[in-house]
Amino acid sequence: RLLFILAFVGIIASIYAAFIYSPTEPMMGHIQRIFYFHMGTVWVATVAFIVVFIASIMYLWKGTRKWDILAFCSAELGVLFLTLTIITGSVWAKPIWGTWWTWDPQLTTTFILWILYIVYLVLRSSAGNDTKKAKYAAVFAIIAFIDLPLVYISVRVMRGISPVVFGPGGGGIAPEMMNALLINMAACSLLFIVLLLERIDLERMKDTLMRFKLRDN
């Protein structure tokens with residue numbers, strides 16, 4: 001309940017920070033404000049897929065159901081937030097660069113990442129209670145993770161439409177914009193944690209119901 005309240009307050013604060021607190025970008029105008037939500041979803045998708053990677057390794061090592069549940073639930077949320085990333089990026093790109101989508105290196109690797117984790121969800125869902133198939137799905141999730149660093153490397157090595165903002169060669173942003181960005185990232189992180197815990201509870205409830213059905217039969 002406390003996390004839910006914090007997430008709710010964080011979302012309100014992120015909206016205020018993006019639309020009122022942060023200054024208007026002189027070149028892009030108000031459409032740039034979607035940047036804060038775009039980066040927030042990018043951050044959460046990245047964290048979610050890192051969790052999937054670690055949980056899949058732990059599941060193969062320990063073989064306990066809790067790691068399988070964590071990987072599956074985190075992958076679901078990772079795909080959700082990556083979908084929001086693609087949508088917000090397209091909405092931002094259209095008025096600024098004149099196109100909804102272009103197959104530049106970063107966008108292409110992002111699309112591949114999205115497809116890979118959808119495939120993982122299909123594989124894991126179809127496996128059901130088959131432990132052997134579930135472990136095959138975990139192996140696929142570990143392999144799919146290889147594409148994640150390629151997304152971040154591509155924007156710097158193979159420059160495309162996506163701008164470099166942070167790090168060496170990045171344009172940087174004003175302090176107020178950085179504050180707004182950090183608030184959005186924190187809010188999205190809290191939302192991710194709340195949704196992940198709720199989704200894990202649902203998966204555990206499903207397991208409990210399955211055990212009851214097997215016992216009754």
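My entries below cover a helix, some aromatic rings and one threonine.

**Ground rules.** I'm working from a predicted model, where local features need pLDDT of at least 70, side-chain atom pairs count only at pLDDT 80 or more, and totals for chains, interfaces and linings use all residues. Residues are numbered from 1 along each chain as its sequence is written, and side-chain values use heavy atoms, with hydrogens and water left out.

**Helix α5.** I started with α5, residues 131-144. Helices here are DSSP runs of H or I, at least four residues, numbered from the N terminus.

Next I checked burial: buried means under 20% relative accessible area, exposed over 50%, partly exposed in between, with a 1.4 Å probe and protein chains only. Ala 134, Ala 137, Ala 138, Ala 141 and Ala 144 are the buried residues of α5. Down the axis of α5 they fall within an arc of 120 degrees (taken from the directions from the axis to the C-beta atoms), so they line one face. Lys 132, Tyr 136 and Ile 143 are exposed on the other side.

I also found a cap at the N-terminal end: a side-chain oxygen of Asp 130 lies 3.0 Å from the backbone nitrogen of Lys 132.

**Aromatic rings.** How many aromatic pairs does the whole structure hold? My search gave 10. Rings of Phe, Tyr and Trp (its six-membered ring) pair if their centres lie within 6.5 Å; planes under 30 degrees apart are stacked, over 60 edge-to-face, the rest tilted. Phe 53 and Phe 145 have ring centres 4.2 Å apart and planes at 20 degrees, so I noted them as stacked. They are 92 residues apart, with Phe 53 in helix α2 and Phe 145 in the loop between α5 and α6. Phe 53 is partly exposed at 23%, while Phe 145 is buried at 17%.

Trp 101 and Trp 103 have centres 5.5 Å apart and planes at 75 degrees, so that pair is edge-to-face. I also spotted a cluster of Phe 35, Tyr 36, Trp 92 and Trp 97, linked by ring pairs.

**Thr 88.** My last stop was Thr 88 in helix α3, buried at 14% relative accessibility. A polar atom of the Thr 88 side chain lies 2.8 Å from the backbone oxygen of Leu 84.

Technical notes:
Helix = DSSP H or I, 4+ residues; strand = E, 2+ residues; numbered from the N terminus. Expected span 1.5 Å × (residues − 1). Polar contact = N/O pair within 3.5 Å; in protein donor to acceptor, adjacent residues only side chain to side chain.
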